[in-house]
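Biologist: I would like to learn how to read a few features of a model. Could we take them one at a time?

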Amino acid sequence: MLKIVRHPLLAAFAILLAGAPPAKSPAAERDGKLRAPAKLEVVAFDRVSARDGRWSEPETWKPEGVPAAGERVMVSPQTRVVYDVESEAAIRLVQVAGVLSFARDRNTALNVGILKVQNSTDCSESGFACDFHSVNDVGEPHEPPAGPLPALEVGTLDAPIPAEFTARIRLHFLEGMDANDAPALSCCSARLDLHGAPMSRTWVDLGADAQPGDRTVTLSQDVTGWKTGDEVIVTGAKRKSRGRTFRGRPDSVTTEERRIVRIEGTTVELDKPLEHEHYGTGEFRSEIANLSRNVIIESADPEGVRGHTIYHRFSKGSIGYGRFAHLGKEGVLGRYAIHFHLLGDTNRGGSVVGAAIVDSHNRWITIHGTNYLVVRDCVGYQSVGHGFFLEDGTECYNVLDRNLGVQAYHGKRLPGQVLPFDPNDAAAFWWANGRNALVRNVSCENDEYGYRYDMQHSRYFDSRLMIASTDGRQQLVDVRTVPLWRFEDNEAHTEGFYGVVIAANGNQQPDTSIRDEGTLERIRGIDWTGPDTNHPHVIRNLAIWESHYAMRPHSPSMLMENVRIDRAAYGIYRPAFENHVYRNLHISRVAAEPFNRGMDDASAQVGRITVDGLTFEDFSPYGLALVQMTDNDLSGEAACHFRNLELVDVHPRRAVFDRGGGAKADPITETGVPYFIHDHFGSGRHAKIVSTKAADLLAAGGEFGESRPLTGEESRIAEVTGVEFPQLLDPIDDLPPATVVTSLSPAVPVKAADGVLIVRGTTTENFRTKKAVVNGVEAANLDYNYHLWEARLTDVKPGRLEIVAHSEDEAGNIEQVPHRFTVTVE
């Protein structure tokens, strides 16, 4: 029925030798792999730690004396050095084979060329390759090192750098280094912890509208950890013309950079007035994000040679509330602002929480061949290429939760990148394996996409990959068949081009402009492999506003529920209609094509769709039909079923169903695509709408006629009975949850006060988690259905304690691969 209403998201330190200049490290990469380097030259250290002590104490070092500019320094195995200086001297290389811990009672600054953490007394000046025996020919570890893990601690999870102090690592490119490889912070099968003062939230929605000329903004909630002098951005609310890119074109964006001069409750006073309007009331709101942190990793010369950071396999540690500024090597594979490189499951429990990644020339956070990483409450601001990036399609069980991605810019394909079909054309969030969770994230003002999921199969790339299964084994799977595990409560706004693209099989589309005897065979020969109807892609609670193309569902078997689209040129665009189920879709103020025909100008679809709950709101009498009708039925079974259709403030002269689009051509299939509005004339009495070009449907019988606004110039309607509203999908929840303990690490001893140990973690699931359990104790759900949970273990005694955490979902699936490790209780 149509209802019309009118109303207004090692063991010892190295021998001291006079060393030759270091060999340059490899950087060229090709054929999807890092190129094998020439033999890396091991450098000699000018100074090594001889005992535990402070960096500033001459007696800590051999030869005695404080490390000086240009020196190569090693923190020796079995020694612990406290970094306690704020020095401008640029140390050429620091190798941490013991423990280097930044002081928490003062400001500190380390200026360095290469900072490497690894269990070895050998070291090269490669900013990427690790330097011990169990590495491959490009320096990637393949066996866990023996002995205690070396560690760099710039704050820890339990003891972050206090808010009144700043710890800074500034990466310098120095003469003789390889510009494609250095400077760098590299963790080679060791522990790297970077933790600044926590914030209750790093970004929030505005709580009141802000107008041009305003110097104060209102937050939607109280925040802690924000202070006078902090750098903030207020995100754009109105889309402007970007040309090809927003990069270097401040006049094309409405996101604004400011500093806080006063904060009191939810009121923030800025250093200068705003120039643009920013929404803070109603359904759609701008955000304000804090970019300042008191732990800072940055390039010394942003206009020159930039640095990068990397965690290698078997590494441990996490990042909390750090600022990563002016990092990433533009156009170089593997040299990113934050890079988790081929860790597999070896850093399960690792996380990046509350980080600000600012002005990156090569991504914000790259998750490559790594599973079970939690990325939460991070802010990415300005990146060349994709921002939050899952690299090669093998990544599973990662959680990207409540992150904000603003202004990812067009990059170029990287030499040797694994996925040849990725043009690196700027998505805030880009991933190629559905078995990851993206929830509560927001994207804004990115050149091409807010979110893009893509996996393709061709003669250039085989989409059958070895990925982790639910029982922990590696299985060969066509990744195109892996459904989106959880994509929920995300938002995209003020985007350069697309809000969300789900593009399994990429950009394949029938070309109906060439009409010959082989046209139909070419169309029907396209490989549309995707998830099955028991395991569809599921998208829930999605908002897209102020974009060009709002949503492109270019894959079969999709369930899209509670989708809100406002102010776009195109709403549902270029869909691959086959087993698509839309529920509660609300589209308003879309200029050109609110609900596109199958495959856009090809006007073709393979299968059936259902739309249960569709509201069109605020449309003028001018423009194309609200629902454009598909002409070509590729299977002989295509059909579109609607019910609970509502028009709110839609001009009565605007057609709801009609042929349309930028290009029209006569159908090339013998069968047309019928459209049904169920119960339109009353219970069991349905409307059937067909194109005037669908000769077979018109000839099949029925009294077809015009009925404005439902029909337009090239559509006709008839009443029919006996048509069932089909159930196209039958989702089965047969996948267990995935659990990560984030508060404990096997590499760090813990204390149990009065025998009580608090364990925190994250569980994610493709529907609803029932419970998380740690050592038999059920955890309390603290946030978002166990995305943050806490378990209280009692009667814990000093010694070795095995931690076993797993979860169960409401369908009864129990996690088969619990997070299991051993900690030392002191």
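This is a predicted model: local features need pLDDT of at least 70, side-chain atom pairs count only at pLDDT 80 or more; totals for chains, interfaces and linings use all residues.

Biologist: Let us begin with the cysteines. How many disulfides does a search of the whole structure find?

Modeller: In general, a disulfide is a covalent bond between the sulfur atoms of two cysteines. Here the search finds one. C130 is joined to C188, with an S to S distance of 2.2 Å. The link is left-handed, at -90 degrees about the S-S bond.

Biologist: Which parts does the pair tie together?

Modeller: C130 sits in the loop between strand 11 (108–118) and strand 12 (151–154), while C188 belongs to strand 14 (residues 184–188), so the bond ties together parts that are 58 residues apart in sequence. C130 and C188 are both buried. C378, in contrast, is in no disulfide, and its nearest cysteine sulfur, in C444, is 17 Å away.

Biologist: Now the arginines. Is R597 buried or exposed?

Modeller: A relative accessible area is read against a cut-off, and under 20% counts as buried. R597 has 1%, so it is buried. R597 is in the loop between strand 46 (580–595) and strand 47 (604–605).

Biologist: Which backbone oxygens lie 2.9 Å and 2.6 Å from a polar atom of the R597 side chain?

Modeller: The 2.9 Å distance is to the backbone oxygen of D600, and the 2.6 Å distance is to that of G660. Apart from residues up to four places away in sequence, R597 touches P575, F577 and Q628, among others.

Biologist: What about D600 itself, in terms of phi?

Modeller: D600 is not a glycine, yet its phi is positive, about 55 degrees. D600 is in the loop between strand 46 and strand 47, and counts as buried at 9% relative accessibility. R363 is another non-glycine with a positive phi, of about 75 degrees. R363 is placed in the loop between strand 28 (356–360) and strand 29 (365–370) and counts as buried at 2%.

Biologist: Where does R323 lie?

Modeller: R323 is part of strand 25 (residues 322–325). With a relative accessible area of 13%, R323 is buried. Leaving aside neighbours within four places in sequence, its contacts include E231, L291 and V358.

Biologist: Last, the peptide bonds. Which residues does a cis peptide bond with omega of about 5 degrees join?

Modeller: That bond joins R708 and P709. P709 is in the loop between helix 2 (695–699) and strand 55 (715–720). The peptide bond from A182 to P183 is also cis, its omega being near 0 degrees. P183 is located in the loop between strand 13 (167–171) and strand 14.

Technical notes: Residues are numbered from 1 along each chain as its sequence is written. Side-chain values use heavy atoms; hydrogens and water are left out. Helices (H or I, at least four residues) and strands (E, at least two) are DSSP runs, numbered from the N terminus. Buried means under 20% relative accessible area, exposed over 50%, partly exposed in between (1.4 Å probe, protein chains only). A polar contact is a pair of N or O atoms within 3.5 Å; within protein, one must be able to donate a hydrogen and the other to accept it, and residues adjacent in sequence count only if both atoms are side-chain atoms. Contact means heavy atoms within 4.5 Å. A disulfide is a pair of cysteine sulfur atoms within 2.5 Å.
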